[in-house]
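Colleague: Could we go through how the two chains meet, taking the interface step by step?

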Protein chains: 2
Amino acid sequence: MMYSLEAGGKRLRPILVLSAAEAVSRNANARNIAMPIACAIEMIHTYSLIHDDLPAMDNDDYRRGKPTNHKVYGEAMAILAGDGLLTHAFYAVTRSAALGATPETALAIVSDLSRLAGAPGMVGGQAADMLGEQGVTSLEELEYIHLHKTSDLVVFSVLAGARIGGASPTQLESMQTFARKLGLAFQIQDDILDLIGDEAKLGKPVQSDVEEQKVTYPYLIGMEASEKLVERLTQEAKQALEEAKLAMPDRLHAIADYLMRRDH
Amino acid sequence: MMYSLEAGGKRLRPILVLSAAEAVSRNANARNIAMPIACAIEMIHTYSLIHDDLPAMDNDDYRRGKPTNHKVYGEAMAILAGDGLLTHAFYAVTRSAALGATPETALAIVSDLSRLAGAPGMVGGQAADMLGEQGVTSLEELEYIHLHKTSDLVVFSVLAGARIGGASPTQLESMQTFARKLGLAFQIQDDILDLIGDEAKLGKPVQSDVEEQKVTYPYLIGMEASEKLVERLTQEAKQALEEAKLAMPDRLHAIADYLMRRDH
């Protein structure tokens with residue numbers, strides 16, 4: 001569990017949790033209360049990578065520049081490490097209540113996590129991806145997979161932070177739109193980087209989607225249109241953020257800009 | 001997910017949730033509020049069987065008389081079905097709040113589940129079992145594995161039902177002792193049935209522990225001593241139950257007696 005958690009990565013999702021909490025409340029204590037949830041979402045993301053890398057799934061040997069979990073500990077331990085991280089994420093969420101979140105808020109976050117990381121969310125996107133494999137041909141199907149495989153955890157991160165920050169229902173709605181579009185832009189940028197990125201910066205082999213004959217946005221609509229779409233989705237995300245009328249939106253805007261321009 | 005959930009089984013854990021709720025409160029409504037949690041623990045138990053049966057783990061072809069999940073849907077889908085069930089269990093727990101459990105109680109149950117089903121609980125027991133394999137020699141190690149692999153979910157079931165029923169802290173403590181001993185007796189009886197049980201009644205091949213050279217209670221202390229231990233643990237469990245001074249303990253006593261005498 002620790003091996004994969006400590007392998008690094010951008011920590012995008014935890015940063016979104018903390019930044020969303022701060023953006024709504026302008027209160028450093030909200031960030032502290034949100035910290036266990038920031039940890040929880042990184043555990044969920046990490047477990048999904050461990051299981052995704054297994055021979056029966058994507059069969060990857062490297063992740064974040066290090067051998068994948070099952071390469072080091074064997075498949076049985078990798079499956080269990082994933083199960084352990086997934087389960088412990090929910091424990092982490094309950095810890096926010098010990099730091100000052102109301103039981104109602106903590107329970108709403110448990111409910112969000114169980115849906116957005118579960119069969120109606122990330123696990124469903126993963127299953128659609130596996131079942132589709134080379135068969136995915138329509139843009140709708142690909143969007144479905146990207147929205148659930150990637151956006152749903154981004155949506156969770158932003159919503160959970162916003163809940164801790166005390167967001168109103170209309171703020172929650174705008175922030176959900178922000179996160180959905182940000183997550184989709186992020187995944188399309190991932191598709192792009194897999195084609196034209198720098199292997200050393202990415203920490204994993206490029207062109208893997210091509211090798212595995214995975215259908216991606218660049219494959220379906222071309223590179224130029226994909227880059228334009230990332231830009232458009234980012235602008236729409238930032239507009240939704242404006243509509244949320246947050247106390248301190250700057251960091252979330254900066255994250256959206258950074259993700260659009262990232263090279264890894 | 002549905003294939004394995006509907007494969008049947010004794011439904012012991014959900015029955016314990018409902019019976020514990022009723023035993024404490026003498027109130028049929030407590031049983032209704034406990035129902036989503038009864039479903040949750042069956043989802044957790046089922047996910048653990050799906051992952052446990054995988055080729056990288058115990059590599060079993062049959063479970064409850066039917067082909068195992070990965071035999072029907074492939075390994076990738078079996079891993080994801082397990083992940084989906086595990087995640088959805090936490091959603092189910094949150095539903096108890098919609099039926100009348102307080103957010104505090106629902107959150108305490110989320111916390112219990114995340115620990116007793118996670119790395120400090122069932123997943124840890126599973127990992128110790130995998131790492132130990134033929135190497136487990138001491139009774140202490142075997143007890144550790146059994147307590148976590150099996151007892152922890154039994155403890156969760158009884159505690160969750162008791163919490164919904166409104167148990168006092170001293171009642172919770174006695175009921176935890178009851179569940180721990182019941183769970184251990186249950187697992188030793190499983191070891192015994194694997195040696196002398198009826199394949200048709202069990203729905204799986206007997207003597208699999210011998211074939212896999214697994215160390216069991218009968219192997220370590222002999223058949224007669226194992227049978228005596230099941231009886232002693234059951235009596236101690238029932239005594240702890242008496243100490244809880246429950247409003248309606250009869251069904252829990254009956255379950256303890258049934259489990260000791262079961263042939264599958």
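Colleague: How much area do chain B and chain A bury between them?

Modeller: In this predicted model, local features need pLDDT of at least 70 and side-chain atom pairs count only at pLDDT 80 or more, whereas totals for chains, interfaces and linings use all residues. Residues are numbered from 1 along each chain as its sequence is written, and side-chain values use heavy atoms, leaving out hydrogens and water. With buried area taken as the accessible area (1.4 Å probe) that two parts lose on being put together, summed over both, 83% of the total lies on carbon and sulfur atoms, and chain B and chain A bury about 3000 Å².

Colleague: Which residues of chain B lose the most area to chain A?

Modeller: Three residues together account for 19% of what the chain B side buries. They are B:L80, B:T87 and B:L107.

Colleague: Which element gives the most to the side of chain B that touches chain A?

Modeller: Helices here are DSSP runs (H or I, at least four residues), numbered from the N terminus. Those giving two or more residues to this side are α3 (28–53), α5 (75–98), α6 (103–116) and α7 (122–132) of chain B. With 13 residues, the element that gives the most is α5(B).

Colleague: How many salt bridges are there between chain B and chain A?

Modeller: A salt bridge requires a side-chain nitrogen of Lys or Arg within 4 Å of a carboxyl oxygen of Asp or Glu. Between chain B and chain A, the count of salt bridges is 0.

Definitions and conventions:
Chains are lettered from A and ligands numbered from 1 in the order in which they are written.
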